[in-house]
Amino acid sequence: MNNQSCIPIKKEWDIVGARQYGRDIAKNLGFGSVDQARIATAISELARNIYLYAQKGKICFDIVEGVNKKGIKIVAIDEGPGIEEISKVMEDGYTTSGGLGAGLPGIKRLMDDFDIISEVGKGTEITVVKWLR
Amino acid sequence: MMRIPILKLHNYLLISIQIDLDDQTAIQFQEDLLKKIHETGATGVVIDLTSVDIVDSYIAKVLGDVVSMSDLMGAKVVLTGIQPAVAITLIDLGIHLKDVPTSLDLEKGLIKLRQELEE
Ligand SMILES: Nc1ncnc2c1ncn2[C@@H]1O[C@H](COP(=O)(O)OP(=O)(O)OP(=O)(O)O)[C@@H](O)[C@H]1O
Ligand SMILES: [Mg+2]
């Protein structure tokens with residue numbers, strides 16, 4: 001089954017559009033209200049990071065099926081400046097923009113699986129999954 | 001961007017956020033509220049979040065800043081009606097809003113304000 005769909009992120013309003021779109025998918029999959037909020041919040045953080053640090057990119061949604069389980073997979077892709085030291089940006093409170101520095105470490109706690117690939121000068125790709133339980 | 005209505009009731013300002021907040025709207029609200037405090041000399045503010053189903057790190061920062069800025073201007077802010085799912089995601093984000101007064105609903109928020117202001 002392949003249901004992939006992507007939402008471009010290039011203006012600020014796309015952050016709201018992406019999180020509402022993702023919440024609808026999560027709701028249709030059968031996630032409860034708390035997990036819907038977690039998924040929507042994670043998407044909001046991913047989309048805002050794209051908008052702030054890479055100016056543009058996209059967020060792709062997929063339904064994934066494992067053995068006896070089902071989940072939502074979200075991939076945030078940009079061709080922005082990339083991240084030099086991943087361990088640093090994963091620390092609570094680390095920010096280069098005067099934010100709270102809560103986004104990336106927060107996304108990791110909000111979701112079940114978290115994977116980040118980034119290359120300086122090339123871009124960043126972050127993949128997260130939330131499993132239905 | 002949308003404008004969030006700010007109602008005045010005696011010395012208080014009441015705000016009920018009914019929309020999915022985008023960044024611009026949040027910042028505009030911050031500005032509008034500070035202006036309104038200045039104009040009216042309000043001593044208390046209740047921001048009701050009953051209809052808000054997502055607060056991400058940016059919105060949390062704006063709300064936290066609104067509380068500190070209002071405080072500097074002499075108005076106490078209470079946040080009310082934070083949904084369970086929002087409370088849970090805020091903690092997942094590592095955001096504790098420790099210095100921010102909160103209440104379960106608007107009514108309790110007004111009581112809390114009165115108590116804080118009498119102290
Ligand atoms: N897509 C990206 N491309 C390049 N750098 C990024 C990207 N996402 C995050 N970063 C870098 O990682 C840092 C930490 O990101 P994180 O989302 O955790 O915090 P923040 O965006 O600074 O603040 P907050 O999310 O709390 O508002 C950012 O300040 C930025 O330097
Ligand atoms: Mg961020």
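Is Cys60(A) buried or exposed? I looked this up and found Cys60(A) buried, with a relative accessible area of 2%; buried means under 20%, exposed over 50% and partly exposed in between, with a 1.4 Å probe and protein chains only.

Entry on the model. I note that this is a predicted model, in which local features need pLDDT of at least 70, side-chain atom pairs count only at pLDDT 80 or more, and totals for chains, interfaces and linings use all residues. Residues are numbered from 1 along each chain as its sequence is written, chains are lettered from A and ligands numbered from 1 in the order in which they are written, and side-chain values use heavy atoms, without hydrogens and water.

Entry on the disulfide. I found one disulfide over all chains (a pair of cysteine sulfur atoms within 2.5 Å). Cys6(A) is joined to Cys60(A), S to S 2.0 Å. Cys6(A) lies in strand 1 (residues 5-9) and Cys60(A) in strand 2 (residues 57-66) of chain A, 54 residues apart; strands are DSSP runs of E, at least two residues, and helices runs of H or I, at least four, numbered from the N terminus. Cys6(A) is partly exposed, at 36%.

Entry on the sheet. I recorded an open sheet of five strands in chain A, with order 1-2-3-5-4 and antiparallel pairing (two strands pair if DSSP finds at least two bridges between them). Strand 1 and strand 4 (113-119) of chain A each have a single partner strand, so one side of each is left without a neighbour in the sheet. Eight bridges join strand 3 (residues 69-78) to strand 5 (residues 123-131) of chain A. Asp78(A) stands opposite Thr124(A) in strand 5 of chain A.
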